[in-house]
Amino acid sequence: MYLETPKKFRTLQNQARQVAENYLRPISRKYDKAEHAYPKELDLLAALLDGMNAGSPDAVGATSASKRKAGAEEGVKNGGNLSACLGVMEMCWGDTGLLLAMPRQGLGNAAIAAVANEEQLKRFSGTWAAMAITEPGCGSDSAAIRTTATREGDHYLLNGEKIFVTSGARADAVVVWATLDKGLGRAAIKSFVVEKGTPGMTVTRLEKKLGIKASDTASISFSDCRVPAANLLGNAEIDVQKGFAGVMETFDNTRPLVAAMAIGVAKASLDRTRELLKKAGCRFDYCQPLLSASHAEATLYRLEAEWEAARLLTLKAAWMADNRLPNSKEASIAKAKAGRVANEVTLKCVELAGALGYGEEELLEKWARDSKILDIFEGTQQIQLLIVARRLLGKSSSQLK
């Protein structure tokens with residue numbers, strides 16, 4: 001693995017930065033204040049991204065995050081997972097909430113890319129998909145899902161409730177996790193694509209949130225919701241030996257993407273704080289020993305080092321996915337590190353900027369609010385550390401809780 005950005009991705013990365021700076025930043029505060037209002041400006045941007053990504057295995061977006069082998073390419077690859085992370089970092093340098101509100105760039109799209117079969121990939125191409133996992137009685141422990149899917153001919157009947165569904169009200173479809181048989185535990189949990197307007201599926205509430213207000217977060221209920229059997233992603237057979245691994249493979253691709261979001265918003269805070277501190281007289285001379293630096297300068301140096309560590313861990317997890325290497329542990333390490341770093345960096349930058357950092361004149365306070373969710377969704381900080389411990393110690397979830 002080389003530490004420099006691959007040459008073939010630099011143009012896409014630069015384009016993503018230009019979009020973030022010239023398109024997302026100018027409307028960032030507008031949709032932070034207008035919670036639940038759909039950012040219509042994103043329609044044109046989403047169409048442009050669709051055009052850029054058409055037919056490209058190295059696209060910028062959630063749909064390229066997969067462990068699928070691209071063609072007959074041999075040797076070390078820099079592929080769709082790495083390009084997706086690099087693009088997400090730049091876009092979240094612009095605005096995390098707006099990225100999450102982007103049509104066809106949802107975590108549900110990453111789930112489809114990760115586990116759908118070839119026929120499903122073609123059928124759901126161009127579909128904007130949300131992800132529905134969390135339930136009122138099931139948060140971090142995804143294996144405790146109680147939403148059921150009962151086979152009835154060529155359909156499944158879904159019954160249950162999902163909460164905190166990002167883009168749940170706006171997306172074309174929702175990827176819903178449900179169990180085929182509660183008695184078989186984790187192995188019976190499968191994911192289903194439920195298209196918007198399906199009878200029995202109802203959006204019951206929109207959440208008011210601390211941050212990412214440009215993105216809608218919904219609660220959805222399912223009451224005898226008839227879903228075609230062909231919409232079950234991947235293999236319909238229950239493999240007790242494989243257990244929960246089938247649907248959990250989704251996280252190997254989505255957790256690096258969430259880590260990349262954290263990297264992006266943290267970099268935005270670092271860059272702006274550096275500018276403000278320079279105006280205040282800080283020199284930022286890296287050739288000078290730390291003992292001669294001011295407290296503000298030394299603090300920013302430390303935050304930059306933490307940010308760089310999180311960034312490299314994130315790129316490693318994505319690179320491993322591109323090369324079809326087991327990356328569950330690395331995905332959790334990246335998510336744990338990046339989520340924590342983003343929270344620390346954005347809050348500390350508010351502190352360093354003083355009154356400017358706390359007011360609406362700057363976006364620093366918004367970035368601090370936006371960053372908190374990145375340490376929570378797709379598995380909390382504590383759950384990531386638990387997963388890492390299990391991998392390191394070779395223990396199962398029942399042995400180490």
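**Exercise 1. Which residues of α9 and α12 meet?**

Solution. Start with α9: S328, K329, S332, I333, K335, A336 and R340 meet Q381, Q384, L385, I387, V388, R391 and L392 in α12. Contact here means heavy atoms within 4.5 Å, and helices (H or I, at least four residues) and strands (E, at least two) are DSSP runs numbered from the N terminus. Next, sort the contact residues by class: six are nonpolar, four polar and four charged. For the classes, Ala, Val, Leu, Ile, Met, Phe, Trp, Tyr, Cys and Pro count as nonpolar, Asp, Glu, Lys and Arg as charged, and the others, Gly among them, as polar.

Before going on, a word about the model: it is predicted, local features need pLDDT of at least 70, side-chain atom pairs count only at pLDDT 80 or more, and totals for chains, interfaces and linings use all residues. Residues are numbered from 1 along each chain as its sequence is written, and side-chain values use heavy atoms, with hydrogens and water left out.

Now the geometry: helix α9 (residues 328-353) packs with α12 at an angle of about 145 degrees, and their axes are 9 Å apart. Axes are lines fitted to C-alpha atoms, for helices over the stretch in contact, with angles from 0 to 180 degrees between N-to-C directions. Last, the handedness: α9 and α12 cross in a left-handed way, that is, the near helix is turned anticlockwise from the far one by less than a right angle (clockwise would be right-handed).

**Exercise 2. At what angle do α9 and α11 pack?**

Solution. Take the angle: it is about 160 degrees between α9 and α11, with the axes 8 Å apart. That makes α9 roughly antiparallel to α11; angles over 145 degrees get that label, under 35 count as roughly parallel, 65 to 115 as roughly perpendicular and the rest as oblique. Then list the partners: A342, N343, T346, L347, C349, V350 and A353 come from α9, and L364, E365, W367, A368 and S371 from α11. By class, this contact has eight nonpolar, three polar and one charged residues. The α9 and α11 crossing is left-handed.

**Exercise 3. At roughly what angle do α1 and α3 cross?**

Solution. First the numbers: helix α1 (residues 7-33) and α3 cross at roughly 25 degrees, and their axes come within 7 Å. That makes α1 roughly parallel to α3. The handedness of this crossing is right-handed. Now go residue by residue: F9, Q13, A16, R17, V19, A20, E21, L24, R25 and S28 of α1 meet L82, S83, L86, G87, E90, M91, W93 and G94 of α3. Counting classes over that contact gives nine nonpolar, five polar and four charged.

**Exercise 4. What is the volume of the largest pocket, and which element gives the most to its lining?**

Solution. The largest pocket comes out at about 1300 Å³. Of its 47 lining residues, G139, S140, S142, E378 and G379 are the closest to the centre. On a 1 Å grid over the protein atoms alone, a pocket is an open set of points with protein on both sides within 12 Å along at least five of seven lines, a cavity is a set where a 1.4 Å probe fits but cannot get out, and lining residues have an atom within 4 Å of a point. Points are joined across faces, edges and corners, and a volume is the space filled by probe spheres set on them.

For the elements, β3 (155-166), α7 (245-279), α11 (364-371) and α12 (381-393) each bring at least two lining residues. Helix α7 gives the most, with six. The lining divides into 18 nonpolar, 13 polar and 16 charged residues.
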